[in-house]
Amino acid sequence: MAGWNRGVWFGISIALFVIVWEAVCRLLHVPPFILPPPSTVVLSLWDLRKTLLGLHLWVTLKEVILGLSASIVFGILLAFAMNMSRVVERLVYPYIVISQTIPIIALSPVFILWFGYDLSGKIAITILFTFFPIVVNTYDGLRSTDKEMLQLLKTMGANRWQIFTKLQLPSSLPHFFSGLKVAATYSVAGATIGEWLGSSEGLGYFGRRASGNFQAPALFASVLLLSILGMLLFWLVGRMEKYFTPHQRTSRKTSKEK
Amino acid sequence: MLDKVAFSGVRFAYGDQPILQNFDLRVAKGEFISLIGPSGIGKSTLFQLIAGLLQPEQGSITLNGARSENRLGMVGYMPQRDALLPWRTVVENAALPLEIKGVAKKEAQDRVRSELPRYGLHEWADAYPAELSGGMRQRVSFLRALLSDTDIMLLDEPFSSLDGITRMELQEWLMEMWQETGSTMLMITHDIDEAILLADRVIVLNGKPIEKPVELAVNVERPRTTAHRNRAEFLALREQIWELLRQNASKSPAGREA
């Protein structure tokens with residue numbers, strides 16, 4: 001019931017937003033090359049559906065999926081390695097912390113320089129954006145294991161592997177998923193920036209070209225698609241989280257009822 | 001008679017802070033021992049030594065009459081907070097020690113399910129800890145300790161987080177379980193009544209380091225109920241223990257502040 005209500009409110013909110021936008025454009029006679037009304041954006045999306053949905057969306061989606069997947073695999077592996085070896089942790093962790101403070105976007109041209117203007121360059125930049133949130137959160141999750149539970153498992157005679165699989169791994173899952181949520185939204189930004197820097201296809205490339213040609217409706221159409229892509233990924237991660245951590249669902253439910 | 005648990009001449013310190021000095025303790029098979037003493041004196045350290053999480057600097061600790069360096073996995077440990085893994089259901093939590101000992105998951109869970117009715121938990125078999133009351137959580141924690149397949153149980157303030165009514169219920173329940181299983185039990189508590197009601201012997205720990213614990217036999221007939229609290233011998237013993245604790249409190253600077 002609460003979820004249903006929230007969904008309805010969200011729908012109302014979106015509808016209001018679109019109506020106000022449309023009204024502002026029409027009543028204030030905003031030039032369409034500055035801010036096109038939503039109806040024009042949707043029309044443009046329909047007109048361009050073949051190139052936008054058939055080509056550019058797929059290109060961007062490919063970069064996002066490949067980049068994000070690589071980050072998940074390597075991020076988890078590095079977090080595991082840091083958890084298992086003190087030497088690795090000592091050597092690598094400072095860079096993980098530093099990476100949080102430098103503007104990753106400034107590093108993007110470097111990656112284009114190294115990986116080139118084809119698909120691998122875009123994937124590399126997507127990895128650059130998504131790798132660190134996953135490593136940091138997964139590693140922190142592995143570290144945050146409850147000390148009393150750890151002692152308890154030891155008194156049961158658990159070996160390191162059992163402690164890892166039965167305690168550390170499950171207790172790090174919520175942390176991993178909050179990192180993955182951040183990474184999922186970053187991945188779209190990473191792919192877009194990769195395309196800006198040098199590309200001949202993809203939604204980022206398309207949007208930039210449309211902007212250069214003052215084709216505002218087409219630009220907005222590409223932005224709309226990128227936003228939907230980001231939201232879909234976020235939603236997907238949320239679903240996965242619910243599936244893999246069913247206890248969190250119930251604990252939230254009961255705490256609300258009390 | 002064979003000692004289930006025996007300390008002889010044990011010395012232990014955290015850095016330069018001595019906890020135990022020339023400490024002796026003998027617990028016979030099937031005995032119920034209460035350990036009582038001021039906070040921060042090292043009662044939990046005593047349990048960690050028995051469980052094998054810590055090793056004595058001097059002296060020896062024997063379990064079942066055999067001296068062993070590796071005592072992990074030899075006792076059932078019920079920690080202060082229930083320390084139930086939030087992502088595991090009641091059955092999965094209680095089956096944990098069996099799983100760690102290498103029993104197949106299905107078999108372990110079947111065994112737990114067959115035990116649950118005795119604990120009044122059969123309707124909650126597949127509930128997550130967050131859905132349980134404090135008393136139910138402690139019972140799961142107790143069952144889990146019992147399923148470590150050992151007849152030595154360490155109970156670290158098992159009822160301290162419960163309300164008074166639930167606590168009395170569980171005290172009577174624990175006496176039944178003790179009689180039924182014939183396990184040797186050591187319990188840390190801050191509650192003098194609880195210490196006397198459950199135990200064959202109350203051990204009053206005092207001093208820094210703990211050197212000469214005072215042992216008091218509880219000569220109250222069994223089976224006992226909470227009503228035994230009002231007997232003359234019970235009240236006399238309570239006065240005696242309180243006197244011992246008070247003397248110690250006035251000796252130590254921490255006690256004077258309080």
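How much area is buried between chain B and chain A? These close-up views of a predicted model take up that question and a few others.

**View 1. The area buried between chain B and chain A.** About 2200 Å² is buried between the two chains, and carbon and sulfur atoms give 67% of it. Look for W87(B), I100(B) and Y128(B): together they supply 30% of the area that chain B buries against chain A, more than any other three residues. The size of an interface is often given in just this way, as the accessible area lost when the parts come together.

**View 2. Who takes part in the contact between chain B and chain A.** Chain B brings 26 residues to the contact, and chain A brings 22 residues.

**View 3. A salt bridge between E99(B) and K166(A).** Here you can find the closest N and O atoms of E99(B) and K166(A), which are 2.9 Å apart. Across the interface of chain B and chain A there are 3 salt bridges. Polar contacts between chain B and chain A join 7 residue pairs.

**View 4. Helices on the side of chain B that touches chain A.** Both α1 (43-51) and α3 (96-100) of chain B supply at least two residues to this side. The most comes from α3(B), with 4 residues. Sorted by class, the side of chain B that touches chain A has 17 nonpolar, 6 charged and 3 polar residues.

**View 5. An annotated span of chain B.** An unreviewed UniProt entry places the feature "domain: ABC transporter" at residues 5-232 of chain B. This span is 30% helix and 25% strand, and its end C-alpha atoms lie 31 Å apart.

Notes. Residues are numbered from 1 along each chain as its sequence is written. Chains are lettered from A and ligands numbered from 1 in the order in which they are written. This is a predicted model: local features need pLDDT of at least 70, side-chain atom pairs count only at pLDDT 80 or more; totals for chains, interfaces and linings use all residues. Side-chain values use heavy atoms; hydrogens and water are left out. Contact means heavy atoms within 4.5 Å. Buried area is the accessible area (1.4 Å probe) that two parts lose on being put together, summed over both. A salt bridge is a side-chain nitrogen of Lys or Arg within 4 Å of a carboxyl oxygen of Asp or Glu. A polar contact is a pair of N or O atoms within 3.5 Å; within protein, one must be able to donate a hydrogen and the other to accept it, and residues adjacent in sequence count only if both atoms are side-chain atoms. Ala, Val, Leu, Ile, Met, Phe, Trp, Tyr, Cys and Pro count as nonpolar, Asp, Glu, Lys and Arg as charged, and the others, Gly among them, as polar. UniProt positions are given in the numbering used here, feature names are shortened, and annotations may be inferred rather than shown by experiment.
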